[in-house]
Amino acid sequence: MNKVIFGLLVILTTALMGSSFAIGKIGLAYTSPMLLAAIRFILAGFIMAIIVKLIKRPHPSKTKDWAKLATIGFFQTAGVMGCIFVGLRTISAGELSILTFMNPLLVIIFGTLFCKTRYSPQQWAGVFLGFIGVFITMGAHLNLKTGTLLGLMSAISWSIATLLMKNWGHAIDTWVMSAYQMLCGGVLLLIGSFLFEQPFFMITTASMLILLWLAIMASIVQFSIWFFLLQKGDSAKTSAFLFLAPFFGVLSGFILLDEPVHWYVALGGSLIFVGIFLVNWTSHQVASIEKSM
């Protein structure tokens, strides 16, 4: 692919990833957090499910594969997005995006512990730098806010989903997985909304535009571009550009919400960015999945 086009698509998809935090926080003025996340992913998942059906992508034929999709949806959509949207109530969109996108660092740790995966010294250096960044970002708070803990929980949930997709993804079409995990996760978020909050949604022009942006641009378009880039380029090197997403999260929070960028957030975030880059920027992953003892 032309390098200019590739670069523009990388910027577009990571900007959509990062800006969704600030736009989601604006949306909380019109709706309860879990309900907003639920409607976003039910709508996005439903549209994508129709698309993959129309273009005749291979669907799972076994019940256990559908159960795997539901499990991925629980961690990737319900777990990650539930924590993000509730966490936006108490901390800035920039801080939350930084904490959420530290998930590649956790993948290294969980992959080593549970999948017996071997990683290169460069990747472990990235993990070390990244966690120093997290410590700095969190350590500036005398009292950890609920949103800080939820940001960490979203990263943990995302890393679990990543490992599940790596192990199960070969048996399920990528586009089908994306569609139905969003739909399943959205349904779970809807159930959670009625169980854990008092759901409400104010129907206004602004709230509908925010919902459509989150469902279509920040979900369907963003995921489609990202999967396209992973297929066209080296997946490891392409994944390295994930460090741009929290940058755009901080930038959009500053522009759209007038959120101040404190020195400790900038310093901690910079170390996390470098850590993510080191973890992902490798021509080949020195890893082999071995059987668990």
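1. How many nonpolar, polar and charged residues does the lining of the second largest pocket have? By class, this lining holds nine nonpolar, four polar and no charged residues. Here Ala, Val, Leu, Ile, Met, Phe, Trp, Tyr, Cys and Pro count as nonpolar, Asp, Glu, Lys and Arg as charged, and the others, Gly among them, as polar.

2. The model is predicted: local features need pLDDT of at least 70 and side-chain atom pairs count only at pLDDT 80 or more, while totals for chains, interfaces and linings use all residues. Residues are numbered from 1 along each chain as its sequence is written, and side-chain values use heavy atoms, with hydrogens and water left out.

3. A pocket is an open set of points on a 1 Å grid over the protein atoms alone, where a 1.4 Å probe fits, with protein on both sides within 12 Å along at least five of seven lines; lining residues have an atom within 4 Å of a point. Grid points are joined across faces, edges and corners, and a volume is the space filled by probe spheres set on the points.

4. The second largest pocket contains about 240 Å³ of space. It is lined by 13 residues, of which Met34, Ala78, Gly79, Gly82 and Leu189 are the closest to its centre. Helix H3 gives the largest share of this lining, six residues; helices are DSSP runs (H or I, at least four residues) numbered from the N terminus.

5. The largest pocket has a volume of about 1200 Å³. Among its 40 lining residues, Thr162, Met165, Trp226, Leu230 and Ser239 are the closest to the centre. Helix H9 (205–232) supplies the largest share, seven residues. The lining comprises 21 nonpolar, 17 polar and two charged residues.

Methods: Helix = DSSP H or I, 4+ residues; strand = E, 2+ residues; numbered from the N terminus.
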